[in-house]
Amino acid sequence: MTIIVIKKKDDDITGVECSNHTDFADYGKDIVCAGVSSITQTAVLGIQKLTNVKNKLTIDEQKGYLKLELYDIENSKDFQKAQIILKTMLLGLEDLEKQYPKYIKLEDK
């Protein structure tokens, strides 16, 4: 099961941490794991390419681990862009969790 922790300060998302593979299917055929990866990695690309928000990214593909931490969390135009990207990511992950509750667990912290 993939555990996804959404870190928040007030109503703002300040980080996301995904751990473990979903184990829905064999490696390379796991559509649920691919969905989680696509959604989260696209959000990371958006943060890194479309904003100037300072961040730290850690990825370990073998372990199925991704962690994104935002450090520039002042109320700037770029931070607001990052929020739109991350809240859209969250919508996609919530939808996947509803479809595959045995394989994905979302937590807020």
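Me: Why is Ile31 called exposed rather than buried?

Reply: The model is a predicted one. In it, Ile31 has a relative accessibility of 54%. The term exposed requires a value over 50%, so Ile31 counts as exposed.

Me: What makes Phe24 and Tyr100 contacts of Ile31?

Reply: A contact requires heavy atoms within 4.5 Å. Ile31 touches both Phe24 and Tyr100, when residues up to four places away in sequence are not counted.

Me: Where does Ile31 lie in the secondary structure?

Reply: Ile31 belongs to helix α1, which covers residues 31–50. The protein has two helices and five strands, and from the N terminus their order is β-β-α-β-β-α-β.

Me: How do you know whether the radius of gyration of the protein agrees with that of a compact globule?

Reply: For 109 residues, a compact globule would have a radius of gyration near 13 Å. The protein has 14 Å, and therefore the value agrees. Along the principal axes, the C-alpha atoms fill a box of roughly 40 × 25 × 20 Å.

Me: What share of the residues is called buried, and on what ground?

Reply: Buried means a relative accessible area under 20%. Of the 109 residues, 39% count as buried. The protein exposes about 6700 Å², with 50% of this area supplied by carbon and sulfur atoms.

Me: How far apart are the mean positions of the positive and negative charges?

Reply: The mean positions of the 16 positive and 18 negative charges are 2 Å apart.

Conventions
Residues are numbered from 1 along each chain as its sequence is written. This is a predicted model: local features need pLDDT of at least 70, side-chain atom pairs count only at pLDDT 80 or more; totals for chains, interfaces and linings use all residues. Side-chain values use heavy atoms; hydrogens and water are left out. Helices (H or I, at least four residues) and strands (E, at least two) are DSSP runs, numbered from the N terminus. Buried means under 20% relative accessible area, exposed over 50%, partly exposed in between (1.4 Å probe, protein chains only). The radius of gyration is taken over C-alpha atoms; the globule rule is 2.2 Å times the number of residues to the power 0.38. Accessible areas come from the Shrake-Rupley method with a 1.4 Å probe; for residues, only the protein chains shown count as cover. Lys and Arg count as positive and Asp and Glu as negative; His and the chain ends are not counted. The place of a charge is taken as NZ of Lys, CZ of Arg, CG of Asp or CD of Glu.
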